[in-house]
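This report is written for a reader who meets the structure here without earlier notes. Please look at the sequence and the model first, and then read on.

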Amino acid sequence: AIYRCLVAAYGDHFVSGDPNCEGTSFEGLIGYISPTPRTNYRALYRFYRSSDHDHLDTTDYQEGVNAGYSYQALIGYVLAN
């Protein structure tokens, strides 16, 4: 399962595999992803940029790095387009 979470102090949303949203506010179930690599699936990464308290979820690791975010976690694996 993957959940939408909220850091209320900043109005920042992020996704997590933790139903307790890592100690932040739970907003709901988004859907399901694979916890292990599979054929035709891509890794889903979570990044964070502290300067504006923003999270970025992407299947392109370099996108997060190029945008100035810091890597936080590998959330799981999602079906590739």
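This is a predicted model: local features need pLDDT of at least 70, side-chain atom pairs count only at pLDDT 80 or more; totals for chains, interfaces and linings use all residues.

Residues are numbered from 1 along each chain as its sequence is written, and side-chain values use heavy atoms, with hydrogens and water left out.

**Sheets**

Strands (E, at least two residues) are DSSP runs numbered from the N terminus, and two strands pair if DSSP finds at least two bridges between them.

Strand β1 covers residues 2–7 and joins β2 through 5 bridges, with Val-7 opposite Asp-12 in β2. The hairpin of these two strands, β1 and β2, has 4 residues between them, and Gly-11 there takes a positive phi near 65°. Strand β2 (residues 12–16) is mostly covered, with 4 of its 5 residues buried, where buried means under 20% relative accessible area, exposed over 50% and partly exposed in between (1.4 Å probe, protein chains only). On the β3 side, β1 pairs over 5 bridges, and Ile-2 has Gly-31 in β3 as its bridge partner.

Another open sheet, also of 3 strands, runs β5-β4-β6 with antiparallel pairing. Strands β5 (54–58) and β6 (70–79) have a single partner strand each, so one side of each is left without a neighbour in the sheet. Neighbouring strands of this sheet are turned by 20° against each other on average, direction ignored. Strand β4 (residues 41–49) is joined to β6 by 8 bridges, and Tyr-41 stands opposite Leu-79 in β6.

**Disulfide**

The structure holds 1 disulfide, a term for a pair of cysteine sulfur atoms within 2.5 Å. Cys-5 and Cys-21 form this disulfide, with their sulfur atoms 2.2 Å apart. Cys-5 belongs to strand β1 and Cys-21 to the loop between β2 and β3 (25–31), so that the pair links distant parts of the chain, 16 residues apart. The S-S torsion of Cys-5 and Cys-21 is about -75°, so the disulfide is left-handed. Cys-5 and Cys-21 are buried.

**Two arginines**

Arg-46 lies in strand β4, and Arg-49 lies in strand β4 as well. The table gives their accessibility.

| Residue | Relative accessible area | Class |
|---|---|---|
| Arg-46 | 5% | buried |
| Arg-49 | 22% | partly exposed |

The side chain of Arg-46 reaches the backbone oxygen of Val-15 at 2.8 Å. A polar contact is a pair of N or O atoms within 3.5 Å; within protein, one must be able to donate a hydrogen and the other to accept it, and residues adjacent in sequence count only if both atoms are side-chain atoms. Arg-49 makes such a contact, side chain to side chain, with Asp-52 (2.9 Å).

Contact means heavy atoms within 4.5 Å. Not counting residues up to four places away in sequence, Arg-46 touches a list of residues including Phe-14, Glu-22, His-55 and Tyr-71. The C-alpha atoms of Arg-49 and Val-65 are separated by 10 Å, with the two residues 16 residues apart along the chain.

How values were computed: Axes are lines fitted to C-alpha atoms, for helices over the stretch in contact, and angles run from 0 to 180 degrees between N-to-C directions.
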